[in-house]
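Open the model in your viewer and keep the selection tool at hand. Each stop below says what to select and what is there.

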Amino acid sequence: MSIVKRNNELRPFYSTLLDEFLNTGLWPAQINPAQNVPALNVKEDDESLTLDIRIPGMKKENIKLDYNDGFLTISGESHEEKEEEEGKGKSKYLRREFSSYSFKRTIELPEEKYNVAEAQASYEDGILKVSMPKNKEEKKLQKTIEVK
């Protein structure tokens with residue numbers, strides 16, 4: 001059996017083929033749970049860590065960030081309902097649509113390395129930006145002791 005790596009998962013070859021077949025547009029995107037994981041960019045320098053998460057169309061009041069035991073969980077939920085009415089008299093066309101979207105993404109951020117207490121988040125143009133300073137690494141004493 002052939003194994004294929006996709007989305008950091010090892011899967012049998014036939015599983016990947018089936019996924020590609022089902023995701024050709026014949027099925028709604030909500031069926032594939034992997035599509036409910038927003039794209040993530042991680043930038044790190046000597047001073048800080050920055051996460052950019054792409055969440056278009058989400059309102060910032062619907063985004064939640066929770067940190068617990070070294071893991072940051074970013075989640076959100078959005079509900080929308082639209083109603084259209086056309087026509088006059090006896091013949092009317094009425095269409096109602098509602099949609100829901102939710103996501104959840106968890107990222108490991110060890111407390112020893114990152115100062116999550118000073119983390120800041122902003123949301124603009126569909127991008128959630130989370131930044132936090134890195135903890136200062138204390139240089140450990142290193143010395144050769146001469147034996148007398």
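Select I55 first. Beyond neighbours within four places in sequence, I55 is in contact (heavy atoms within 4.5 Å) with P38, I63, F103, Y123, G126 and L128. This is a predicted model: local features need pLDDT of at least 70, side-chain atom pairs count only at pLDDT 80 or more, and totals for chains, interfaces and linings use all residues. Residues are numbered from 1 along each chain as its sequence is written, and side-chain values use heavy atoms, leaving out hydrogens and water.

Strands are DSSP E runs of at least two residues, numbered from the N terminus.

Next, go to S78 in β6 (residues 71-86). Is S78 buried or exposed? S78 counts as buried because its relative accessibility is 16%, and the cut-off is under 20% relative accessible area (1.4 Å probe, protein chains only). Show its surroundings: not counting residues up to four places away in sequence, S78 touches M58, N62, S99, S100 and Y101. The C-alpha atoms of S78 and Y101 are separated by 5.2 Å, with the residues 23 apart along the chain.

β5 (residues 63-68) runs antiparallel to β6, joined by 6 bridges; pairing takes at least two DSSP bridges. Select Y67: L72 in β6 stands opposite. The hairpin has 2 residues between the strands, and D69 takes a positive phi near 50°.

Definitions and conventions:
Helices (H or I, at least four residues) and strands (E, at least two) are DSSP runs, numbered from the N terminus. Buried means under 20% relative accessible area, exposed over 50%, partly exposed in between (1.4 Å probe, protein chains only).
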